Amino acid sequence: FFFLMIRRPPRSTQSRSSAASDVYKRQVSTQSTWGILIQSHKFSVQSKKKFKEKKMTDKLRVFKLRQKSEDDLIKDLEKQREELLKLRVSKVAGGTAAKLSKIRVVRKTIAKYLTVINEQRRNKVRKDLEKSKRLPLDLRVKRTRAIRRALTRSQSNRKTLRQQKREANFPLRKFAIKA
């Protein structure tokens with residue numbers, strides 16, 4: 001006798017929920033909030049405009065950072081790091097949702113500052129080493145590993161003494177062909 005094991009779909013709990021129950025919950029919640037959405041439509045249109053204006057001023061533009069000097073960038077970077085530290089403390093203390101969402105923005109801002117500082121330093125080193133024969137590894141063109149390992153033109157054109165003698169003594173013979 002063979003017994004066929006049929007697995008029962010999991011029951012949804014607060015910590016774990018099945019996909020089917022999630023869909024059901026969404027349907028119930030959207031039906032109940034639909035009336036509220038219609039009433040708040042006029043308010044949302046006005047608030048969207050204000051939000052867009054505010055969002056444009058809050059967002060850090062990288063091209064403005066590139067105009068600053070390295071010292072100014074480092075000072076601003078320290079301020080951003082201090083702010084991130086305060087936000088993380090408030091997160092542990094049970095901060096508001098606005099502060100929690102700001103952590104991500106501040107982290108991205110720090111990344112932008114670091115990127116611009118790194119760019120400026122690399123460009124400065126590039127300028128200093130412009131006339132030198134060799135560049136540091138991180139400033140060289142990357143290409144592929146195989147191309148980097150390949151012989152240079154001068155290396156591939158070199159010949160051994162034996163090969164040079166053979167070519168000199170036995171050149172390619174030319175034959176006249178009857179047409």
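How many salt bridges does a search of the whole structure find? The search finds six. A salt bridge here is a side-chain nitrogen of Lys or Arg within 4 Å of a carboxyl oxygen of Asp or Glu. Side chains of opposite charge can pair when their charged atoms come close.

Before selecting anything, note the ground rules. This is a predicted model, where local features need pLDDT of at least 70, side-chain atom pairs count only at pLDDT 80 or more, and totals for chains, interfaces and linings use all residues. Residues are numbered from 1 along each chain as its sequence is written, and side-chain values use heavy atoms, with hydrogens and water left out.

**Stop 1: the whole chain**

Show the chain as a cartoon. Its secondary structure is eight helices and zero strands. From the N terminus, the order reads α-α-α-α-α-α-α-α. Helices (H or I, at least four residues) and strands (E, at least two) are DSSP runs, numbered from the N terminus.

Of the 179 residues, 10% count as buried. Buried means under 20% relative accessible area, exposed over 50%, and partly exposed in between (1.4 Å probe, protein chains only).

Contacts (heavy atoms within 4.5 Å) come next. Take those in the chain with a separation of 6 or more: residues 24 or more positions apart account for 56% of them.

**Stop 2: the largest nonpolar core**

Select L65, L73, L77, L84, L87, I103, V106, I110, Y113, V116 and I117. These 11 residues form the largest nonpolar core. Such a core is a set of buried Ala, Val, Leu, Ile, Met, Phe, Trp, Tyr and Cys residues joined through side-chain atoms within 4.5 Å. Helices α4 (70–93) and α5 (97–128) each supply at least two of its residues. Which helix gives the most to this core? That is α5, with six residues. In soluble globular proteins, nonpolar side chains tend to be buried together.

Zoom in on V116. Beyond its neighbours within four places in sequence, V116 contacts V62, L65, R66 and L73.

**Stop 3: Q80**

Select Q80, in helix α4. Is Q80 buried or exposed? Q80 is buried, at 16% relative accessible area. Leaving out residues up to four places away in sequence, Q80 touches V106, T109, I110 and Y113.

**Stop 4: salt bridges**

Select R66 and E119. Their side chains meet in a salt bridge, 2.9 Å from N to O. R66 lies in the loop between α3 (62–65) and α4, and E119 in helix α5, so the pair ties together parts 53 residues apart in sequence. R66 is partly exposed at 45% relative accessible area; E119 is partly exposed at 30%.

Move to E70 and R121. Here the salt bridge spans 2.6 Å, N to O. E70 lies in helix α4 and R121 in helix α5, so this pair ties together parts 51 residues apart in sequence. E70 is partly exposed at 23%, and R121 is partly exposed at 43%.

Finish with R81 and E78. Their closest N and O atoms are 3.7 Å apart in a salt bridge. The two are three residues apart in helix α4, which means about one helical turn separates them.
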